[in-house]
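Visitor: I'm new to this one, so please show it to me and walk me through it in plain words.

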Amino acid sequence: MTLRFIAKDPNTDGANCPTVWVDEERQEIVIQGWKVDEETRTDCLTAGPIPDSEDVVRLPARMVAAIREACDVADRSAVR
């Protein structure tokens, strides 16, 4: 698997920070973020269960441009 790096959180030291990639081969957007607290997790559960194979993460709003770029890359790669 080859991930196409998009961006890291611009306000961090470059290590252990939220990051966005696109996997064009698997047609997926890959996101590393901060683990959510229990209150946030509970709020998310109101929309339905979170399977063991999934999780909820937080990304800072300052990463909107990186997320948009990842979406554009994914769109050009026919990721749906």
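Guide: One term to start with: a residue is buried under 20% relative accessible area, exposed over 50% and partly exposed in between (1.4 Å probe, protein chains only). This is a predicted model, where local features need pLDDT of at least 70 and side-chain atom pairs count only at pLDDT 80 or more, while totals for chains, interfaces and linings use all residues. Residues are numbered from 1 along each chain as its sequence is written, and side-chain values use heavy atoms, with hydrogens and water left out.

Visitor: Okay. How many helices and strands are there in the protein chain?

Guide: The protein chain has 2 helices and 5 strands. Helices (H or I, at least four residues) and strands (E, at least two) are DSSP runs, numbered from the N terminus.

Visitor: And what pattern does the chain follow along the sequence?

Guide: Going along the sequence you get β-β-β-β-α-β-α.

Visitor: What share of the 80 residues is made up of buried ones?

Guide: Buried residues account for 28% of the 80. Ala7 is one of them, at 17% relative accessibility. You'll find Ala7 in strand 1, which covers residues 4-8.

Visitor: How far apart are Ala7 and Val20 in space?

Guide: Their C-alpha atoms are 5.5 Å apart, although 13 residues separate Ala7 and Val20 in sequence.

Visitor: New topic: charges. How many salt bridges does the count come to?

Guide: The count is 4 salt bridges. The rule asks for a side-chain nitrogen of Lys or Arg within 4 Å of a carboxyl oxygen of Asp or Glu. The general idea is that side chains of opposite charge can pair when their charged atoms come close.

Visitor: Which side chain does Glu24 meet in a salt bridge?

Guide: Glu24 pairs with Arg4, at 3.5 Å from N to O. Glu24 sits in the loop between strand 2 (19-23) and strand 3 (28-32), and Arg4 sits in strand 1, so this pair ties together parts 20 residues apart in sequence. Glu24 is partly exposed at 35%, and Arg4 is partly exposed too, at 38%.

Visitor: What about Asp55, which partner does that side chain have?

Guide: Asp55 meets Arg41 in a salt bridge of 2.7 Å, N to O. Arg41 is in helix 1 and Asp55 is in the loop between helix 1 and strand 5 (57-58), so parts 14 residues apart in sequence are tied together.

Visitor: Is Asp55 buried or exposed?

Guide: Asp55 is exposed, with a relative accessible area of 57%. Arg41 is partly exposed, at 21%.

Visitor: Give me one more pair, please.

Guide: Glu28 and Arg26 also form a salt bridge, 3.7 Å from N to O. Arg26 counts as exposed at 51%, while Glu28 is partly exposed at 35%.

Visitor: Which residues form the negative surface patch?

Guide: That patch is made by Asp37, Glu38, Glu39 and Asp43. Patch residues have over 30% relative accessible area and no salt bridge, with like charges joined within 9 Å and nonpolar side chains (Val, Leu, Ile, Met, Phe, Trp, Tyr) within 5 Å. Glu38 belongs to helix 1 (residues 38-45) and is exposed, at 58%.

Visitor: Last topic: cysteines. How many disulfides does the count come to?

Guide: The count is 0 disulfides, a disulfide being a pair of cysteine sulfur atoms within 2.5 Å. Cys17 is in none, and its nearest cysteine sulfur, in Cys71, is 19 Å away. Cys17 is buried, with a relative accessible area of 1%.

How values were computed:
Accessible areas come from the Shrake-Rupley method with a 1.4 Å probe; for residues, only the protein chains shown count as cover. Lys and Arg count as positive and Asp and Glu as negative; His and the chain ends are not counted. The place of a charge is taken as NZ of Lys, CZ of Arg, CG of Asp or CD of Glu.
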